[in-house]
Amino acid sequence: MKIEFQNLSKQFEDGKPVLKPTDFSDDVHALAIIGPSGGGKSTLLRIIGGLTAPTTGVLHVDGEVVDAKEASLLRYRRKLGFVFQQGGLFRHMNAMANIAVPLEQVHGYSHEEACGLAMELLARFGLKDDWKKKPAELSGGQQQRVAIARAVAAKPKLLLLDEPTSALDPEYTTEVLDIIHELKNEGLDFIIVTHEMGFARHACDKAAFLCEGTLMEYGESGQIFAQPKTEKLRRFLGKLLEWNM
Amino acid sequence: MKSLRKLFWISEKEQAGWAAVLMNMLFVVILWIMLFWISLNAIQVRLDFSFLGQFRLRIWNGFLTTLGLSLSSLLSSLVIGMLCAAGQGSSLLVIRYFCSIYVKFIRGTPLIMQIYLFFYIVGTAWGVENRFAAGVIILSIFEGAYVAEIIRGSLLSIEGSQLEAARAVGFTRRQAWRYVVLPQMAARTLPPLTGQFASIIKDSSLLSMIAVIELTQTMREISAVNFRLFECYLFLGVLYLCLTLPVSLISERLERKFHYEN
């Protein structure tokens, strides 16, 4: 999917810039956005996801301008899948309803179709027996698998994942990353904001390093990790590897 | 020995068995009755409830009036509460301040003062003659402020992440309210709202001050005739409990049902 933007920036109401004016243009298939906390990663992802309006700049997706009007943003968001760090599932609905209700109400599936597809996805992600459970009854890893199932159910053109494993224990992290990898192999395009450097390096073909609101480096992920050009990225990667085995 | 201990003691993780519940409840009830009996004996009162049959129609009417007052007030206080909770979030400052001053005034002053104020000044000025209607209006205005706070609290307690997720799955504003906000609000509002209904039932007794012939006023009138003050008020308590206990039980039930929240 072709993503393009010029002069894209975001300022909070207090005037603090979160994302400084940034240009970008590339075909996105599996992109990892990495960088220190507070660097603007989530903000950029939310702008691309149509959840936050940029302060300046225009975003083009597949050649079309993403309009800031709510009606067109709504249409745009319906073509995407979004997975949050945590708390993204509707707490009062069970796993099945979390997937089926949006399919029915937003994408026009019949009740039977929606439930059938939801069940199929839950079974595929190893949650066949848990369809009746509410989010609070599921483990963090299970919750994120349901969230991914919901995000991909309507066959989105692009999947956006905002630190989907940051709140998880290591054993759950792997099961979630495995699913994303599997979806990638099936041809689903995605952008992931992540601190899982192994995943960013090996499962994503491109990586973007965002630091202090600036897109400091962008390129093939192998290249980014093997030969960082900026001092900031070198230091960032060095810090992450400090305690690695 | 162990099973005997189980009848009286409970650890934090355990749930009491029905035998233990029944026995301890009975024990507590007997204790209360004894306490009353000793106190009544000390002031040499012999209770005699035989007059109740004679007044049963009046008591029944009073009971129904209290029920009617409470139900009507519940419904209209719900409307007032919802409007007021919405008004407190209004971007029009006049509406916002109007609602928040209303809530502060009502919650900060005693009901009895409001009853006199509304009935003798506002009610007279606006020609509200019917005492039942006046009672419902006063009680609704009073309880509406509390209901508004319950609704506002539950609205505020809905996490931003839920609204964000609603936008992310492509819900329109209306769909987000219909499928996410309202069901979650209902879950958080219903248990305290049922509790509030118990308060309405009890608070309605103060309407006897403006001679609405509800349950309390009926019993006051009966006791004024036969001087059976203790019997009248004891029986009054029992009748109120008949109304409020089931409501509290429902409230507890609802709380357990919606426990998924935590």
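## The sheet in chain A

Two strands count as paired if DSSP finds at least two bridges between them. With that in hand, look at chain A of this predicted model: six strands line up there in an open sheet, in the order β6-β7-β8-β3-β9-β10, and the pairing is mixed. The edges belong to β6 (80-83) and β10 (214-220) of chain A; each has a single partner strand, so one side of each is left without a neighbour in the sheet. From one strand to the next, the twist averages 15 degrees.

As a bit of background, strands of a sheet pair through backbone hydrogen bonds, either parallel or antiparallel. For a parallel case, go to β7 (residues 158-162) and β8 (residues 190-193) of chain A, which pair over four bridges. You can pick out one of the residue pairs too: A:Leu161 has A:Ile192 in β8(A) as its bridge partner.

## A helix on the sheet

Next, find helix α1 of chain A, residues 41-48, which packs on the sheet. It touches β3 (30-34), β7, β8 and β9 (206-211) of chain A. Its direction makes about 155 degrees with that of β8(A).

## Chain A as a whole

Zooming out, chain A has nine helices and ten strands. Its C-alpha trace spans about 55 × 50 × 35 Å along the principal axes. A compact globule with 245 residues would have a radius of gyration near 18 Å, and chain A agrees, because its own value is 18 Å.

How much of chain A counts as buried? The figure is 44% of its 245 residues. Now take the contacts in chain A between residues at least 6 apart in sequence: 64% of them join residues at least 24 apart.

## Over to chain B

One helix to look up in chain B is α7, residues 160-168. Which of its residues are buried? They are B:Ala165, B:Ala166, B:Arg167 and B:Ala168. These buried residues of α7(B) pack against α8 (173-203) of chain B, and also against α2 (70-77) and β6 of chain A. Just after α7(B) comes B:Gly170, with a positive phi of about 95 degrees.

Technical notes. Residues numbered from 1 in each chain as written. Chains lettered and ligands numbered in written order. Predicted model: local features only at pLDDT ≥ 70, side-chain atom pairs only at ≥ 80, totals over all residues. Helix = DSSP H or I, 4+ residues; strand = E, 2+ residues; numbered from the N terminus. Axes fitted to C-alpha atoms, helices over the stretch in contact; angles between N-to-C directions. Contact = placed C-beta atoms within 7 Å. Buried ≥ 20, exposed ≤ 12 C-beta atoms within 10 Å, placed from the backbone. Rg over C-alpha atoms; globule rule 2.2 N^0.38 Å.
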